[in-house]
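The structure is shown first, and the description follows.

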Amino acid sequence: VQPLVTPTVHIALTAELESRVRQMEATDMEDRKHFAHQVEEFFQSQWPGCQAWLYGSSAHLLCQKGSDIDLYLALPSAIDNEFFDIKAALEQIETLLCGAGLAAMFVRAARVPIVAVSVPKPIRWWRYSFDINISDTRGVFCSQILGWYVEQDARLRLTFMPLKQWLSKNSLNNAKEGFLCSYAWVLCLIVFLQTCAPPVLPMFGPKTKFESHNTSQAGELLVRFLDWMYDFDWSANYVASSTGQVRPRTEFPESIQEAVVIEDLLAAQKRKNITRMGEEALHTTLMACKDASQALRRQVTFAGLMGMKLSRKRVRCL
């Protein structure tokens, strides 16, 4: 991979990324944990012994100011009960929250059924908008793994948070429009940091002892990641998140027709492609990565990159 144009470029870019993260980062992580505990206590009268678990960005240090909260509510009566009525329980949760004066809505059409709660203004201790699910624990486990990675090396956080801001500004992490979701982007970044030479991140493992000998700063890693995304042979390989590798797509026959294959972190439980990205969205994404990398190499600031108009030109066919 090409080095940046001058040694001072990535130093200045890293300083800008650090400043941006300080402005973006949530400073209320303990309050979010306390809120989850209060939600748990609220439902105790209906479901004694229930537990509320944070997942998503509120469960780790990639959380931005103003982010909503995702909660998994573990109901004792639902554990190992194939006859448990999830729909009825979510309707009951909706009723209880509406009774507390909140704008709660059971979203039946969601991939994982949830109750979405909007709190535009604090009502007593209810101060966060949040979603509750009672049937999918994957988010909790994945968030714990992501949190472990974030704790291994600060450069993951310094690279991803500004990157996500740029992606959001250009709708490049809008899965509803056919692009990669933010979760898919962070998995790609983690695998890049595991496979660059020398690696920045280790393989996942609670007992892992790892010391990175990679001295690249976050600014340089961001540019190299954009190059990595553009140069990745998506037609031949896939991102193996569970093992921290780039692997041949022949190992993933059930998704061979997909434009992009990114393996879920919990593939040890069930191999799963987490994206349904089409060719056109992939082409747009690759061109955006190329344009952004070239701009940063020309010493365009990250603020300048945020102000650039996204190119919609098509790139090479895959």
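In strand S5, the bridge partner of Ala 116 is Asp 131. Asp 131 is also the bridge partner of Asp 70. The model is a predicted one, in which local features need pLDDT of at least 70 and side-chain atom pairs count only at pLDDT 80 or more, while totals for chains, interfaces and linings use all residues. Residues are numbered from 1 along each chain as its sequence is written, and side-chain values use heavy atoms, with hydrogens and water left out.

S4 and S5 pair in the antiparallel sense over three bridges, whereas S2 (residues 69-74) and S5 (residues 130-133) pair in the parallel sense over four bridges. Two strands pair if DSSP finds at least two bridges between them. Strands (E, at least two residues) and helices (H or I, at least four) are DSSP runs, numbered from the N terminus. Ile 69 stands opposite Phe 130 of S5.

The open sheet consists of five strands in the order S1-S2-S5-S4-S3, with mixed pairing. S1 (51-55) and S3 (103-107) stand at the edges; each has a single partner strand, so one side of each is left without a neighbour in the sheet. From one strand to the next, the twist averages 25°.

## Helices on the sheet

Helix H3 (residues 86-99) lies across S2, S3, S4 (114-118) and S5, and runs at about 170° to S3. Helix H4 (residues 138-152) also packs on the sheet, where H4 touches S1 and S2; the direction of H4 makes about 50° with that of S1. Axes are lines fitted to C-alpha atoms, for helices over the stretch in contact, and angles run from 0 to 180 degrees between N-to-C directions.

## Helix-helix packing

The axes of H4 and H5 (residues 154-169) come within 5 Å and cross at roughly 110°. H4 and H5 are therefore roughly perpendicular to each other; angles of 65 to 115 degrees count as such, those under 35 as roughly parallel, those over 145 as roughly antiparallel and the rest as oblique. Tyr 149, Val 150 and Gln 152 of H4 make the contact with Ala 154, Leu 156 and Arg 157 of H5, contact meaning heavy atoms within 4.5 Å.

Helices H7 (residues 218-231) and H8 (residues 279-297) pack at an angle of about 150°, with axes 8 Å apart. That makes H7 roughly antiparallel to H8. The residues in contact include Leu 222, Val 223 and Leu 226 of H7 and Leu 286, Cys 289 and Leu 296 of H8. By class, this contact has nine nonpolar, one polar and three charged residues. Ala, Val, Leu, Ile, Met, Phe, Trp, Tyr, Cys and Pro count as nonpolar, Asp, Glu, Lys and Arg as charged, and the others, Gly among them, as polar.

Leu 13 belongs to helix H1 (residues 7-24) and, at 6% relative accessibility, counts as buried. Buried means under 20% relative accessible area, exposed over 50%, and partly exposed in between (1.4 Å probe, protein chains only). Not counting residues up to four places away in sequence, Leu 13 touches Gly 219, Val 223, Leu 296 and Phe 302. Leu 13 and Ala 295 are 282 residues apart in sequence and 12 Å apart in space, C-alpha to C-alpha.

Glu 82 is placed in the loop between S2 and H3, and its 72% relative accessibility counts as exposed. Glu 82 and Leu 201 are 119 residues apart in sequence and 39 Å apart in space, C-alpha to C-alpha.
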